[in-house]
Amino acid sequence: MAACPVCGAGNPERARFCLECGTPIGGAPPRSATSRRTVTVLFSDVVGSTALGESLDPETVHVVMSRYFDVMHEVIERHGGTVEKFIGDAIMAVFGLPVLHEDDALRAVRAAIDMREALAAVNAELQAARGVTIATRTGINTGEVMAGDASARQTLVTGDPVNTAARLEQAAGAGEILIGRETWRLVRDVVTAEPVEPIGAKGKAEPVPAHRLLSVHRTPEARGLRFDAPLLGRGPELDRLKNVFEETVANHASALITIVGPAGVGKSRLLAEFIATVADRAQILRGRCLPYGDGITYWPLREVLTSVAGIRDSDSPRAASQKLRDLLEEVPEGSLLADRLASAIGLSTAQASSDEIFWAVRRTLEHLAASRPLILIIEDIHWAEPTLRELLERVAELSRDVTLMIVCPARPELLDLAPEWDARGTNTTITLEGLTPKAAVDLMDALPGGRLLPSELRERILATAEGSPLFIEEVLRMLAEDGSGDQQSTGGGAGARVEVPPT
């Protein structure tokens, strides 16, 4: 493994660029001290800190603020953010440096919500010990900045997105989180937010559009992909999925299928089309691997079980465990299975070995598949812990006398980061490449507004997309929202470039 000189992530020896942050490694030239990066900036400030300082002893203020900063720092780092600096009673954090993640905007809004929840616990502690509580306001914004080299102790980010984040924070009320337009665009499918009046910010020619963040959905979902457009250029891959399903049904057998392709190439679209053709003959269960967090090893299993057992967020661990027992009441060892599953997904503090959990999961899936073919979809398997990957392989290998099809969409890095995947030879791999030029044109024509774009702009979008269906969709979506799918979007000349969505 080759260590990245910037973020420290391990990479395969043949890698020319870091799989985590994109830094050149090996014999590639070193990265410059500064670079353009798209990041998400979070500002959070204590409301009324001046009055707090006047009413309290300096030592008390120091204790209160130190406790506050320690807790907030921990929350930000847990979500993959970097605290650039503490400015008086304010915190500035950056998501996207030194390691760039595709979901940095989502990480930032999740961090902001968790910071607000953590502050409630801190306030209970401060009220009991010091008789004081504090309130905060937060602003979040995404955009392109100039990024310094953290290892050289340079200022991490500078640019207008930083200033905008600060203006949003200043305009927020106590307890509020305001997010800028680009941040909202990136997270709107997974948050609850309401628009606010554009903010008149000092130094800004136009008021700043903003949304008030209310909550983040507990289960992450993919971007709001358009599944109304026809599936183009994927006939052979779709036929292969159908054939595997028919073979498992005919043989009453299990199968493990990995759909491999880069982000945005159409794995979800292909899978949606396949599911639509067999939904009346099979039951569909879904789980998603998370890129970070505590207790994520069996997170997809938790999503599957809570769905099939009807477990709600409001259920107590005891009530949720009982629902698992009800689900398995017809199985002779159902109570024991439920106990092992409860241990795996965090409903019980009882300890269970991996072998016991693997057995419980396999028997449960066999039970669910006994009456009707079961298709189990585990999204983003490239983020899975090794334990989960081994579990899925073992289930596919050992399940008997039931129709069980496990489908795992994944990015190509799975095969580099987990070469042991499919060590038992039970896996069927379907590889997706970018759309052909003709299929890309047909997709653009099928999407709203695609046919109406000037030919020059169409050509630039197609050239920049390099066969990525998601890129084509997102650019058209942005043009429609901005009302710029006309001559002004061409920038007035052939030298204008297509703006890449900030993700």
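1. Helices here (H or I, at least four residues) and strands (E, at least two) are DSSP runs, numbered from the N terminus. With that numbering, aspartate 401 is found in the loop between helix 12 (386-398) and strand 14 (404-410). Its phi is near 60°, a positive value in a residue other than glycine.

2. This is a predicted model: local features need pLDDT of at least 70, side-chain atom pairs count only at pLDDT 80 or more, and totals for chains, interfaces and linings use all residues. Residues are numbered from 1 along each chain as its sequence is written, and side-chain values use heavy atoms, with hydrogens and water left out.

3. Five strands form it in the order 12-13-14-11-15, and the pairing is parallel. Two strands pair if DSSP finds at least two bridges between them. Strand 12 (283-288) and strand 15 (427-431) are the edge strands, and each pairs on one side only. Neighbouring strands of this sheet are turned by 20° against each other on average, direction ignored. Axes are lines fitted to C-alpha atoms, for helices over the stretch in contact, and angles run from 0 to 180 degrees between N-to-C directions.

4. Look inside this sheet at one pair. Strand 11 (residues 254-260) and strand 14 pair in the parallel sense over seven bridges. The bridge partner of leucine 256 in strand 14 is isoleucine 406.

5. Helix 11 (residues 354-369) lies across strand 12, strand 13 (374-379) and strand 14. Helix 11 runs at about 135° to strand 13. Helix 12 lies across strand 11, strand 13 and strand 14, and runs at about 150° to strand 14. Contact means heavy atoms within 4.5 Å.

6. Antiparallel pairing involves strand 10 (residues 208-216). Strand 8 (residues 177-180) pairs with strand 10 in the antiparallel sense over three bridges. Here leucine 178 stands opposite arginine 212 in strand 10. Strand 9 (residues 191-199) also runs antiparallel to strand 10, and seven bridges join the two. In strand 10, leucine 213 stands opposite alanine 193.

7. Which residues of helix 2 and helix 3 make their contact? Helix 2 (residues 58-78) packs on helix 3 (residues 104-130) at an angle of about 150°, with their axes 10 Å apart. That makes helix 2 roughly antiparallel to helix 3. The cut-offs are these: angles under 35 degrees count as roughly parallel, over 145 as roughly antiparallel, 65 to 115 as roughly perpendicular and the rest as oblique. The crossing of helix 2 past helix 3 is right-handed. A crossing is left-handed if the near helix is turned anticlockwise from the far one by less than a right angle, and right-handed if clockwise. On helix 2 the contact is made by Thr60, Val63, Val64, Arg67, Tyr68, Val71, Met72, Val75, Ile76 and Arg78. On helix 3 it is made by Ala111, Asp114, Met115, Ala118, Leu119, Val122, Glu125, Leu126 and Arg130. By class, the residues of this contact divide into 13 nonpolar, one polar and five charged. Ala, Val, Leu, Ile, Met, Phe, Trp, Tyr, Cys and Pro count as nonpolar, Asp, Glu, Lys and Arg as charged, and the others, Gly among them, as polar.

8. Next, helix 9 (residues 317-327) and helix 10 (residues 334-344). Their axes come within 8 Å and cross at roughly 140°. Helix 9 and helix 10 are therefore oblique to each other. Their crossing is right-handed. Ser321, Leu324 and Arg325 in helix 9 meet Ser335, Ala338, Asp339, Leu341 and Ala342 in helix 10. This contact has four nonpolar, two polar and two charged residues.

9. Helix 14 (residues 437-446) packs on helix 15 (residues 455-465) at about 125°, with axes 11 Å apart. That makes helix 14 oblique to helix 15. Helix 14 passes helix 15 in a right-handed crossing. Ala440, Val441, Met444 and Asp445 of helix 14 make the contact with Arg458, Ile461 and Leu462 of helix 15. Five of these residues are nonpolar, none polar and two charged.

10. The structure holds 31 salt bridges (a side-chain nitrogen of Lys or Arg within 4 Å of a carboxyl oxygen of Asp or Glu). In one of them, the side chains of aspartate 45 and arginine 137 meet at 3.6 Å, N to O. The pair links distant parts of the chain, 92 residues apart: aspartate 45 is in strand 3 (residues 35-47) and arginine 137 in strand 6 (residues 135-147).

11. One backbone detail remains to check. A cis peptide bond joins leucine 97 and proline 98, with omega about -5°. Proline 98 is found in the loop between strand 5 (90-95) and helix 3.
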